[in-house]
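Work through the exercises below with the sequence and the 3D structure at hand. Each task is followed by a stepwise solution.

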Amino acid sequence: MKIAFRKISSQRSPFEVDYEGVKFCGDFKRDRDLITISSHIKGSVTLPCDRCGDEFTLEIDENVGLKVNEGYYEGEDLDILESHDHHVDFDAIAQSEIEAIKAEYHYCDACNDTKGEQEDGST
């Protein structure tokens with residue numbers, strides 16, 4: 001779902017995007033030159049455990065706040081997404097946020113239990 005910057009008002013508008021079975025939804029509005037997105041990501045993805053390699057299901061349930069600028073952003077805030085095609089692309093934002101979560105280290109339940117034992121000094 002793409003929305004042109006010029007069509008976004010200062011009134012909150014809802015959105016919902018589904019990416020690989022994970023729901024990215026919330027609302028967006030214009031705040032001066034930036035578009036503010038208040039959203040929630042919820043769903044599950046299958047990942048390999050970063051310790052043992054076995055696949056497991058990761059439950060995602062996170063709030064995400066984002067700001068999008070039309071073109072290059074020259075301010076101090078480093079957490080601004082830049083859009084160079086005059087649109088806010090919610091599909092691309094959803095994909096990027098979910099892929100960032102997947103890129104973190106994740107351990108299956110069995111390895112999480114083993115990790116806790118090793119940190120305690122027990123076997």
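**Exercise 1.** State what share of the protein chain counts as buried.

Solution. Buried means under 20% relative accessible area, exposed over 50% and partly exposed in between, with a 1.4 Å probe and protein chains only. Of the 123 residues, 33% are buried. This is a predicted model, in which local features need pLDDT of at least 70, side-chain atom pairs count only at pLDDT 80 or more, and totals for chains, interfaces and linings use all residues. Residues are numbered from 1 along each chain as its sequence is written, and side-chain values use heavy atoms, leaving out hydrogens and water.

**Exercise 2.** Find the order of the elements along the protein chain.

Solution. Helices (H or I, at least four residues) and strands (E, at least two) are DSSP runs numbered from the N terminus. The chain has two helices and seven strands. From the N terminus, their order is β-β-β-β-β-β-β-α-α.

**Exercise 3.** Describe the largest nonpolar core.

Solution. Such a core is a set of buried Ala, Val, Leu, Ile, Met, Phe, Trp, Tyr and Cys residues joined through side-chain atoms within 4.5 Å. The largest one holds 29 residues, and F24 and F90 are among those with the most contacts inside it. Elements giving two or more residues to this core include strand 3 (22-31) and helix 1 (90-103). Strand 5 supplies the largest share, six residues. Next, take F24: beyond its neighbours within four places in sequence, its contacts (heavy atoms within 4.5 Å) include F15, I41, L66 and F90.
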